[in-house]
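Reader: I am new to this structure. Please take me through one part of it closely, in short steps.

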Amino acid sequence: VNEDPLATKKYYALMSNYLGVTHPDSSTLNYERVIQPLIDSNQIVQPNIVLVICESFSAYKSSMYGNPLNTTPYFNELCKTGIFFDRYFTPSYGTARGVWATLTGIPDVEIINTSSRNPQAVDQRSIINAFKGYEKYYFIGGSASWANIRGLITNNINDVHLYEQDDYEAKKIDVWGISDKNLFLESDKVLGKVRQPFFAVIQTADNHRPYTIPKEDIGLFQKKKISKDSLKKYGFEDEDEYNAFRYTDFCYKQFMAAAQKNDYFKNTIFVFTGDHGIRGDAGNMFPKAWTDQGLTSEHTPFLIYAPYLLQSARYSFPASQLDILPTIAGICKIPYTNTSLGRDLLTHTDSMKNGYAFIFDPDMKRIGVLNNQYFYSYGINNSSPEQFVSMTDNQQPVLTDSLRNQFRNMTNAFYETSRYMILNNKK
């Protein structure tokens, strides 16, 4: 990332105002927001957090948006009883970028590589550390060696207990390590023994080529056969991908069944996010622009599930992976300092209706923002023309000068601020 402080400064007023910076200062490029929650008598007391980062959890392939193949019926039921955000986007695609955005609240806008691999960027603040008195855990089914994810996790989450493929009793099934089901069950075993509040991240991997479904689960999990034309029509390349997607739902169900038998369940907030989606044809499930512009690769489900602690709700304003940690901290009434681009989605739900989600496509080298109505994007350094499409219907909207300025400035503000923050968000 080549930061350009002058460009960052140019958009500082716009971005600091959008984020609600407490003491704006363009000379020091201060983005700090010190959040001191109001404590009330109904406060949830130090709930545990389990944040599940779900491999390739594409919204249009799931049951929550009406896909007729009904791949995730169990997760769909969870969404009805939790807080579900149906217009939620990851800033980019690729697992390393998704993990980065989740843990730091900053979009990974490195073009050639990823920020996790950049030695100058690996020192980052994370709101996870505001959870004082919490034990921190990170569970991954394979090895954390790829993309320097181990460096990102161990450098930036204080005193984290990192569990990898060789730390479990379960056997590896493929290059990604143990199966997701066993990853969930092994994580549950560890968490069941923790005697103080914990913040745990579980990162899944099975919904990825080679789409392995372990032999031990065939029986309880039934593979299905679907005609090629139905698969294609509803967003799947082949039967292996379709069954792997269904298998994720099976794994979530096994995890919840195990967790419910443990003492920690009633005082735990389970958070599910896709690490990213998969580009593909969303058919008639969404306006045509979602497929044409590749938004299918960033649109994923986002669910906060705690049946004993939280009332169910469904929100349709734009939400981003950057917002996960501020939102969790807000629910838990944790005092924290935010120096990233994430916002608490639940504290000011009215103002969120006017929010944006930033999108960065490293392959097409395009950046853009979307709001409730429109998606605007253009090629970095004007390498390709701007595009302006409707998020709600198949009509081609008119890009007036005022809309162009609004979306162009917001796009640039997100992009230039992200470039700056990647190297200047040191703890």
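How are H2 and H12 oriented to each other: roughly parallel, roughly perpendicular, roughly antiparallel or oblique?

Author: This is a predicted model, where local features need pLDDT of at least 70 and side-chain atom pairs count only at pLDDT 80 or more, while totals for chains, interfaces and linings use all residues. Residues are numbered from 1 along each chain as its sequence is written, and side-chain values use heavy atoms, with hydrogens and water left out.

Now the two helices. Helices (H or I, at least four residues) and strands (E, at least two) are DSSP runs, numbered from the N terminus. Helix H2 covers residues 12-19 and helix H12 covers residues 401-423. Two packed helices are described by the angle between their axes and the distance between the axes. Here the axes come within 9 Å and cross at roughly 90°. An axis is a line fitted to C-alpha atoms, for helices over the stretch in contact, and angles run from 0 to 180 degrees between N-to-C directions. H2 and H12 are therefore roughly perpendicular to each other. The cut-offs are these: under 35 degrees is roughly parallel, over 145 roughly antiparallel, 65 to 115 roughly perpendicular, and the rest oblique.

Which residues meet? From H2 come Leu14, Met15 and Tyr18. From H12 come Asn409, Met410, Ala413, Phe414 and Thr417. Contact means heavy atoms within 4.5 Å.

Stay with H12. Glu416 and Arg419 both lie in this helix, three residues apart, about one turn of the helix. Their side chains meet in a salt bridge at 2.9 Å, N to O. A salt bridge is a side-chain nitrogen of Lys or Arg within 4 Å of a carboxyl oxygen of Asp or Glu. Glu416 is buried, with a relative accessible area of 12%. Arg419 counts as buried too, at 15% relative accessibility. Buried means under 20% relative accessible area, exposed over 50%, and partly exposed in between (1.4 Å probe, protein chains only).

Salt bridges also form a network, linking Glu386, Asp401, Arg404 and Arg408. By this rule the count comes to 22 salt bridges.

One more leads back towards H2. Arg125 forms a salt bridge with Glu32, with the closest N and O atoms 3.8 Å apart. This pair links distant parts of the chain, 93 residues apart. Glu32 is in the loop between H2 and strand E1 (33-35), and Arg125 is in the loop between helix H4 (95-104) and E5. Arg125 is partly exposed at 31% relative accessibility. Glu32 is also partly exposed, with a relative accessible area of 30%.
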